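Please read the points below alongside the model.

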Amino acid sequence: MTENKAAPSNGSILVVGGGISGLTTALEAAEVGYDVFLVEKNSYLGGRVAQLNKYFPKLCPPSCGLEINFRRIKDNPKISIFTQAEVEKVEGTPGNYEVAVKLSPRYVNENCTCCGDCEAACKTEISSDFNFGMNKIKGAYLPFEMAFPARYVISPQIIGTEDAQKCKEACKYDAVDLEMEAESLNLQVGAIVWATGWEPYDATKIDNLGFGQYPNIITNMMMERLASPNGPTKGKITRPSDDKEPESIAFVQCAGSRDENYLPYCSYICCMASLKQATYVREAYPDAKVYIFYIDIRSPGQRYEKFYQTIKEDENVFLIKGKVAEVNEDPDTGNVTVVAENAVTGEKVKQTVEMVVLATGMQPTAATDKLPADLKYNEDGFIINDFEKGGMFAAGCANKPADVVSSNQNATGMALKAIQTLVKR
Ligand SMILES: Cc1cc2nc3c(=O)[nH]c(=O)nc-3n(C[C@H](O)[C@H](O)[C@H](O)COP(=O)(O)OP(=O)(O)OC[C@H]3O[C@@H](n4cnc5c(N)ncnc54)[C@H](O)[C@@H]3O)c2cc1C
Ligand code: SF4
Ligand code: SF4
């Protein structure tokens, strides 16, 4: 792996986005001998998967999968990675693209040993984006403990303050560079794979489900962070209003999905995500009751269906077929009543629980942040692969909602498409 050293050549491939899809495309292409530039806007690789507690269906921690990929990248001189980097402009045609990339300053150089002295010296606390604002972190921080590249970041929020100076003075390795500036880089590549992934749908836009209004209503990605040992509560699932261990939790499926007012499509993974999160709750609290309100349970394929059947057999998990119409909070207890119509019996169901998880869907990053290239999008913002034109391809959730396995398969296919562009050149 070479970091931040460009050797531009149009015989090489640019991968934009260092989530699981981008990592896979980059590795597959590099391991057959192609030079790859991997551009990631975050300060670390791994994308959304790095924020998960466990993967369905095996329920292993995402660190297993990611660490193997990080090791393969470290060992491969064909891959150059650029973090805190974004593509600004793409010009050219298949086989011959000129790409302008902007690198934002990290204020910490490669001398960093992750000793943590700058973090200890820094007094300012900032909201943690990685944990969806559920806790605060220091202005000098490591994004998470297995972050790759393993290097601290000084937040731009403390630049110019006394605290930034204290971080510099605390560093014994001359790794803090407060003069670091944004840089630009020009790359010549033959093919581009956009693996820019997804964002959790903004649940504050859903007007009937109380997110942002009632503290004990959280999203599924917040639940992943709450359940994670490296999360804001060190893996203890507690409700936000009073840190109580919940005795009952409701999951609201299709929260803002399959609804013309919000996301009209099915996000593919949020049924499986809630079934998985039911296991987090049941493991942590053996007496807790879990209520899952759904329109249809989508558990595609034999393995996922088996996973669903296992959860269904749990006598403390109640699956209710019915779309949630409203939620109400009791201000005295913080408890939330979920109201739905049972689609099987036709009865109105009112279930009071201590905490609610909204199974919000995936929105492609490109839906809100159009990419600076001549790409086609569908009406929901997913990039359409134009194989006839070739040259630029979309992998993983940039192309459609997908789980990790399908993202990896799709990303491998796109590595091949990129290679074919170079070979045909
Ligand atoms: C609650 C929840 C739980 C889930 N649990 C599971 C599970 O247990 N098992 C499973 O298989 N799947 C699970 N998933 C799905 C899984 O998260 C996705 O399959 C996976 O994240 C897809 O990876 P990706 O690389 O396509 O996208 P992402 O993970 O979104 O990665 C995209 C990367 O691109 C970067 N990027 C974006 N735009 C730019 C840009 N313009 N320039 C540079 N970089 C950019 C981003 O910073 C990010 O690092 C879950 C999803 C949810 C919502
Ligand atoms: S920047 Fe310096 S003080 Fe901070 S973790 Fe790295 S080596 Fe340690
Ligand atoms: S995966 Fe399930 S919860 Fe998600 S949109 Fe599809 S049906 Fe709804």
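1. A residue is called buried under 20% relative accessible area, exposed over 50%, and partly exposed in between. By that scale Lys323, with a relative accessible area of 44%, is partly exposed. The model is a predicted one, and the points that follow should be read as describing a prediction.

2. Lys323 has a charged partner: its side chain meets that of Asp259 in a salt bridge, at 3.6 Å from N to O. Lys323 sits in the loop between β17 (317-321) and β18 (324-329), while Asp259 belongs to the loop between β15 (248-255) and α6 (270-284), so this pair ties together parts that are 64 residues apart in sequence. Asp259 is buried, its relative accessible area being 16%.

3. Another bridge joins the side chains of Arg282 and Asp314, at 2.7 Å from N to O. Here too the pair links distant parts of the chain, 32 residues apart: Arg282 is in helix α6, and Asp314 is in the loop between α7 (302-312) and β17. Arg282 is buried, at 17% relative accessible area.

4. Arg258, Asp296, Arg298 and Lys321 are joined into one network by salt bridges that share partners. Over the whole structure, the search finds 20 salt bridges.

5. The side chains of Arg71 and Asp75 also form a salt bridge, with 3.8 Å from N to O. How accessible are the two partners, Arg71 and Asp75? Arg71 is partly exposed, with a relative accessible area of 47%. Asp75 counts as exposed because its relative accessibility is 54%, and the cut-off for that class is over 50%.

6. Which residues of helix α4 (residues 162-170) are buried? They are Asp163, Ala164 and Cys167. These residues lie on the same side of α4, because the arc they cover around the axis is only 105°. Glu162 and Glu169 are exposed and are carried on the face of α4 turned away from its buried side. The cover over the buried residues of α4 includes α3 (117-121), β9 (140-141) and β10 (153-154).

7. Thr196 is in the loop between β12 (191-194) and β13 (198-200). Is Thr196 buried or exposed? Its relative accessible area is 19%, so Thr196 is buried, given that the class is defined as under 20%. Leaving aside residues up to four places away in sequence, Thr196 touches Val16, Thr365, Leu371, Ile383 and Ala398.

Conventions. Residues are numbered from 1 along each chain as its sequence is written. Chains are lettered from A and ligands numbered from 1 in the order in which they are written. This is a predicted model: local features need pLDDT of at least 70, side-chain atom pairs count only at pLDDT 80 or more; totals for chains, interfaces and linings use all residues. Side-chain values use heavy atoms; hydrogens and water are left out. Helices (H or I, at least four residues) and strands (E, at least two) are DSSP runs, numbered from the N terminus. Buried means under 20% relative accessible area, exposed over 50%, partly exposed in between (1.4 Å probe, protein chains only). Contact means heavy atoms within 4.5 Å. A salt bridge is a side-chain nitrogen of Lys or Arg within 4 Å of a carboxyl oxygen of Asp or Glu. The arc is that of the directions from the helix axis to the C-beta atoms.
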